[in-house]
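Dear colleague,

Please find the structure below, handed over for your records. My findings follow it.

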Amino acid sequence: MPGQGVILDTGNKIVNLAEPGGRKYIRTNVVLEFAPPESHTDSSSHAEGAEDQMAAFKAELNAILPVVNDVIITLLASKDFESVSTSEGKEILRQQIMEAVNSRVHKYEVIYVYFTEFVY
């Protein structure tokens with residue numbers, strides 16, 4: 001459920017949109033929320049062990065950040081201004097980012113995508 005996962009801030013991205021002449025671009029910050037590891041959701045875990053496991057999980061997420069960034073940048077570069085300039089377009093983009101990242105990093109599950117900056 002969104003709001004209960006592990007947050008990974010992918011950082012700011014500036015990407016040219018797929019427009020003739022390449023004069024339009026998007027600047028965005030995408031934050032992904034991943035489902036926590038299974039044992040973290042187990043209430044019988046010891047607090048110290050759970051903290052260690054969460055730190056290890058966050059380190060694993062940081063290790064896949066280049067793959068995640070590639071997926072996001074490639075997807076953004078395929079969009080034109082019309083497809084990202086509306087609320088509906090942003091919701092579609094949110095779903096597409098989630099699906100694309102989940103298809104590339106099978107071990108982890110994105111449960112929500114947040115845009116903390118979105119300028120074009």
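Two strands pair if DSSP finds at least two bridges between them. Strands (E, at least two residues) and helices (H or I, at least four) are DSSP runs, numbered from the N terminus. This is a predicted model, in which local features need pLDDT of at least 70 and side-chain atom pairs count only at pLDDT 80 or more, whereas totals for chains, interfaces and linings use all residues. Residues are numbered from 1 along each chain as its sequence is written, and side-chain values use heavy atoms, with hydrogens and water left out.

The protein chain holds five helices and three strands, arranged along the sequence as β-β-α-α-α-α-α-β. Its C-alpha trace spans about 55 × 25 × 25 Å along the principal axes.

Strand 2 (residues 25-34) pairs with strand 1 (residues 6-16) in the antiparallel sense, over nine bridges; Leu8 has Leu32 of strand 2 as its bridge partner. Strand 2 also pairs with strand 3 (residues 110-119), again antiparallel, over eight bridges. There, Thr28 has Phe118 of strand 3 as its bridge partner.

Eight of the ten residues of strand 2 are buried, so this strand is largely enclosed by the rest of the structure. Buried means under 20% relative accessible area (1.4 Å probe, protein chains only). Of the 120 residues of the protein chain, 38% count as buried.

Finally, where contact means heavy atoms within 4.5 Å, 67% of the contacts between residues at least 6 apart in sequence join residues at least 24 apart.

Note on methods: Buried < 20%, exposed > 50% of the residue type's maximum accessible area, 1.4 Å probe, protein only.
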